[in-house]
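Here is my note on this model, point by point.

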Amino acid sequence: MSAANNEEFLPFSRPTISQAAIDEVVACLKSGWITTGPRVKQFEDDLKAYCSAPHALALSSATAGLHLVLAALKLKPGDEVITTPMTFAATLNTIVLTGGTPVLVDVEPGTYNMDVTRIEKAITKRTRAIMPVHFAGLPVDLDPIYELAKKHNLRVIEDAAHAIGTEYKGKRIGSFGDIQVFSFHPNKNMTTGEGGCVVTRDDTMAESVALLRFHGMDREAWNRFGKKGNQHYEIIEPGYKYNMMDIQAALGLHQLKQLDGFIRRRTELALRYHKLLSDWPQWTLTKSPAYSHLHAWHLYTPLINPEAAGMDRDAFMQGMKERNIGTGLHYRAVHLYPYYREQFGFKRGDFPHAETISDRIVSLPLFPTMTDADQDRVIRAMADLFGRKGL
Ligand SMILES: *Cc1c(COP(=O)(O)O)cnc(C)c1O
């Protein structure tokens, strides 16, 4: 085998943390205030400015955000939420945790995004919301979704975990529409360690999320213990404990400043993968939709063609690992997990495009500090693994 085994392990993702962010975390630790406080407030103001949105609520994760938004809808048993099987499990888990029933529509084969032409047929008297996922940072076709939502009086909760910085028809995700939930997990385009936020233009939804993220208290602790605070609080309804810490926001303040630069570098690398792999029969590459958009390239996710490659996706991932290169699996179709098969009767064959993607998808290394030489290493390792000559 090649000399690749002597090289350092190349992960599929790695956060980029600046010295300024590290200094900010240290300053926060020394400040005497490490949980929700002034840095979270500043981070929320910066997120509002970045998204041109009236409300941004920082949280402990995007999963928490999905949970709170759905909890605020007060779903009744049998209420339905339409979403995609090609997503992380949290999208469906939070629907179930808040008493809803997930209703799925298949995805488009080239973008892995919800096929919006299938949504209307899935709407029933029990439908309460549509939950699209901007897969890998490629925006879903939102105009038809918002038209359907208006026509049928539905909420739209965009699972925008991959999509901070994404643009749809010249508008940033978060700057229009109903509700967006962003993730700041370390693998995502910007990070606060763990973290997420809800962005909305709906004052009532913002109030509910603010209440439910901290026990259902009408005042948050940092107001209570601050100079201007009142030590009493009231419980309006039982809530959760999903607030973000100032230690996390300290990172986020600097990550947000770097985000557009991160996306520019991700885009260069993604387009370079496209160019380098365009004539490989072993791969089917993703396609661009016809509408104008800015792809945030959270992930680079081609489909392996097992016959041409001489191996399936799992063997490919193993082979790359043996060559000291990490890859990721985002995602296996959620409807095929045991809980969803058993509880909702989903089965293989229900969503054929999602299933093909689920079987063949792999995330190749992609992160802002990855060099062209790192990327060439990935290509060489694949050529070696597939037995391609004359690279
Ligand atoms: C990462 C992710 C989430 C959950 O984000 P966390 O911040 O880790 O809770 C939800 N949906 C999708 C599509 C994701 O990729």
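1. **Helix contact.** In H3, Thr63, Leu66, His67 and Leu70 meet Ala90, Thr91, Thr94, Ile95 and Leu97 of H4. Contact here means heavy atoms within 4.5 Å. The residues of this contact divide into five nonpolar, four polar and no charged.

2. **Basis.** This is a predicted model, with pLDDT of at least 70 needed for local features and 80 or more for side-chain atom pairs, while totals for chains, interfaces and linings use all residues. Numbering starts from 1 along each chain as its sequence is written, and side-chain values use heavy atoms, without hydrogens or water.

3. **Helix geometry.** H3 spans residues 62–72 and H4 residues 89–97. They pack at about 35°, with axes 9 Å apart. Axes are lines fitted to C-alpha atoms over the stretch in contact, and angles run from 0 to 180 degrees between N-to-C directions. The crossing is right-handed: the near helix is turned clockwise from the far one by less than a right angle. Helices are DSSP runs (H or I, at least four residues), numbered from the N terminus.

4. **Domains.** The assignment gives domain 1 (19–256) and domain 2 (260–386). Such bounds come from an automatic or database assignment. The C-alpha centres of the two domains lie 26 Å apart. Across the interface, 41 residues of domain 1 are in contact with 36 of domain 2.

5. **Largest pocket.** Its volume is about 320 Å³. A pocket is an open set of points on a 1 Å grid over the protein atoms alone, with protein on both sides within 12 Å along at least five of seven lines; lining residues have an atom within 4 Å of a point. Of 23 lining residues, Phe88, Ser183, His185, Lys188 and Tyr331 are the closest to the centre. H3 gives the largest share of the lining, three residues. The lining has eight nonpolar, twelve polar and three charged residues.

6. **Cavity.** The count is one cavity of 30 Å³ or more. A cavity is a set of points where a 1.4 Å probe fits but cannot get out. The largest cavity holds about 60 Å³. It is lined by 14 residues, with Arg14, Pro15, Thr16, Lys188 and Asn189 nearest its centre.

Notes
Helices (H or I, at least four residues) and strands (E, at least two) are DSSP runs, numbered from the N terminus. Ala, Val, Leu, Ile, Met, Phe, Trp, Tyr, Cys and Pro count as nonpolar, Asp, Glu, Lys and Arg as charged, and the others, Gly among them, as polar. Grid points are joined across faces, edges and corners, and a volume is the space filled by probe spheres set on the points.
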